[in-house]
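Subject: Structure for you to look at

Hello,

Here is the structure I promised to pass on. Please open it alongside this message, and my notes follow below.

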Amino acid sequence: MKYVSTRQKSPAATFSEAVQISLAPDGGLYVPEAFPRINPNTFTSQCSLSQIASRLLSPYLQGDPLHDSLEEICDEAFNFSVDLRRLKGETAILELFHGPTAAFKDVGARFLASCLTRIAPTRSAPRLVLVATSGDTGAAVAAAFHGKAGHEVAILFPKGRISPRQEKQLTCWGGNVRAFAVRGTFDDCQRMAKAAFQDPHLSSRFHLLSANSISIGRLLPQQVYYAMASLRYFEQGRIAPNFLIPTGNLGNAVAALWAKRIGFPINQVVLVTNANRAIPDYFTTGKWAPQPTVATLANAMDVGNASNMERIFHLYPEGRGLQNDVQALSVSDAEIREAITGGNSKWGADFCPHTATAVFAREKFTSPNWIIVATAHPAKFDAIVEPLVGHAVTVPPALSDLLARPSHSQEIDPSSEAFSAVL
Ligand SMILES: *Cc1c(COP(=O)(O)O)cnc(C)c1O
């Protein structure tokens, strides 16, 4: 299997090459040159997540040097549970927040780390994984790479603009993970990371690697939980479920659509955004028009220009078939609050602000057979959730372990020079 760029102007790459490059040289995103076809009947939901993962991903890594280690990689990456629970009636919830940093990004980050640490160094310079983060990505990447030999991690986050618990998850590592509190915005952090990749001095001292959300190494493994959930739901009533997915940069949703494309029993996918409405607007107007980002309660979904839109266009050339498979809708902050506040009485659960968008959206549909995708644990966003629900949210053990550690971070000015100097 080779990977090609959505812009079709880069040479095809192997999986191992694509995960090291991240963004294709022509600025496009890597996609499989052809989608494998799997027979879902050969999988059963009795298989462990790691077994589903190695069988599902095997054709995607066919011919790649990592193929021989795939089972080991999946055992290492999928070492925490992903739960599908009945919420009420025929509505279920897919809990993706049982990993080390309590958000779905742990799946992709852990798989990427397990792959990269098995790819032989191509340069003598030490590998440096760079991430600019507005919260969850940096934490998942730090957790996944912490203590991995041959890899340093540098995280840039906007000082004072993320929740205290999110900050703790970025700064609690030490060792090979360094966190930089940038006196600026998330956009400053992103600009500094981009500039670092183009800095010849840094590129000669380090083998720079990106762990951002467009990496194919983060996207492929996300298909696994959609495979597991759809199989399990289907086994019960012989009906393919619909998914409601809290959406920002579309990485999670593209994985669901790939799992559908290769043959898993998935009916419709609903992309639920917060007040950043570029994606829902595209579905009504047919024109893709990125918009400036607006800040919302669901901050990990504050994206005005979803980079994975290119992968949607690749999957549905000229939009053909898109409206059959996918719908999109936007949920306001007031509606997020309403869904969190009513969570217990309506569904018997507390929800994080991201998951709350999907919970709110569920009520817009009278048709049955839905799976709400829960992307983060509510305890990660206690400052928003607790005042609305009126009780303390129990902190999961993995998260409380991290919160108990000491913090290490270094404050820097929002400039490439400042970043280069500290590196
Ligand atoms: C990153 C994130 C999202 C958005 O996922 P995308 O793949 O960017 O669409 C939703 N919820 C949470 C909690 C996240 O961390």
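Let me begin with Leu250, which sits in the loop between β9 (242–246) and α10. Please keep in mind throughout that this is a predicted model. Leu250 is not a glycine, yet its phi is positive, at about 75 degrees. Most residues other than glycine have a negative phi, which is what made me stop there. Leu250 also counts as buried, because its relative accessibility is 2% and the cut-off for buried is under 20%.

You will find Ala102 in the loop between β4 and α4. With a relative accessibility of 2%, Ala102 is buried.

**The ligand site**

Which residues are closest to the ligand? They are Lys105, Asp136, Gly248, Asn249 and Thr375, out of 15 residues that surround the ligand. By class, that shell is made up of six nonpolar, seven polar and two charged residues.

A backbone N or O atom of Gly248 lies 2.8 Å from an oxygen atom of the ligand. For Asn252, a backbone N or O atom is 2.9 Å from a ligand oxygen, and for Gly251 the corresponding distance is 3.0 Å. Taken alone, the ligand exposes 390 Å², and the protein buries 97% of that.

Helix α10 covers residues 251–261 and includes Ala255. Ala255 counts as buried, as its relative accessibility is 0%. For a sense of scale, Ala255 and Ser416 are 161 residues apart in sequence, and their C-alpha atoms are 33 Å apart in space.

Strand β4 (residues 91–95) is mostly covered, with five of its five residues buried. Both faces are involved: Thr91, Ile93 and Glu95 lie on one side, Ala92 and Leu94 on the other, and all are buried.

β4 runs antiparallel to strand β3 (residues 83–88), and five bridges join the two. Lys88 has Thr91 of β4 as its bridge partner. The hairpin of β3 and β4 has two residues between the strands, and Gly89 there takes a positive phi near 55 degrees.

With strand β12 (residues 370–374), β4 pairs in the parallel sense, also over five bridges. In that pairing, Leu94 stands opposite Val373 in β12.

**Helix α4**

How far apart are the end C-alpha atoms of helix α4 (residues 105–116)? They are 17 Å apart, which agrees with the 16 Å that its 12 residues should span at 1.5 Å a residue. The helix is mostly covered, as 12 of its 12 residues are buried. Among them are Lys105, Asp106, Arg110 and Phe111. Lys105 is also one of the closest residues to the ligand.

**One more loop**

Thr133 lies between β5 (127–132) and α5 (136–145). Is Thr133 buried or exposed? It is buried, because its relative accessible area is 1%. A polar atom of the Thr133 side chain lies 2.9 Å from the backbone nitrogen of Gly138.

Best wishes

Notes:
Residues numbered from 1 in each chain as written. Predicted model: local features only at pLDDT ≥ 70, side-chain atom pairs only at ≥ 80, totals over all residues. Heavy atoms only, no water. Near = heavy atom within 4 Å. Polar contact = N/O pair within 3.5 Å; in protein donor to acceptor, adjacent residues only side chain to side chain. Areas by Shrake-Rupley, 256 points an atom, 1.4 Å probe, with all protein chains shown as cover. Nonpolar A, V, L, I, M, F, W, Y, C, P; charged D, E, K, R; others polar. Helix = DSSP H or I, 4+ residues; strand = E, 2+ residues; numbered from the N terminus. Expected span 1.5 Å × (residues − 1). Buried < 20%, exposed > 50% of the residue type's maximum accessible area, 1.4 Å probe, protein only. Pairing = 2+ DSSP bridges.
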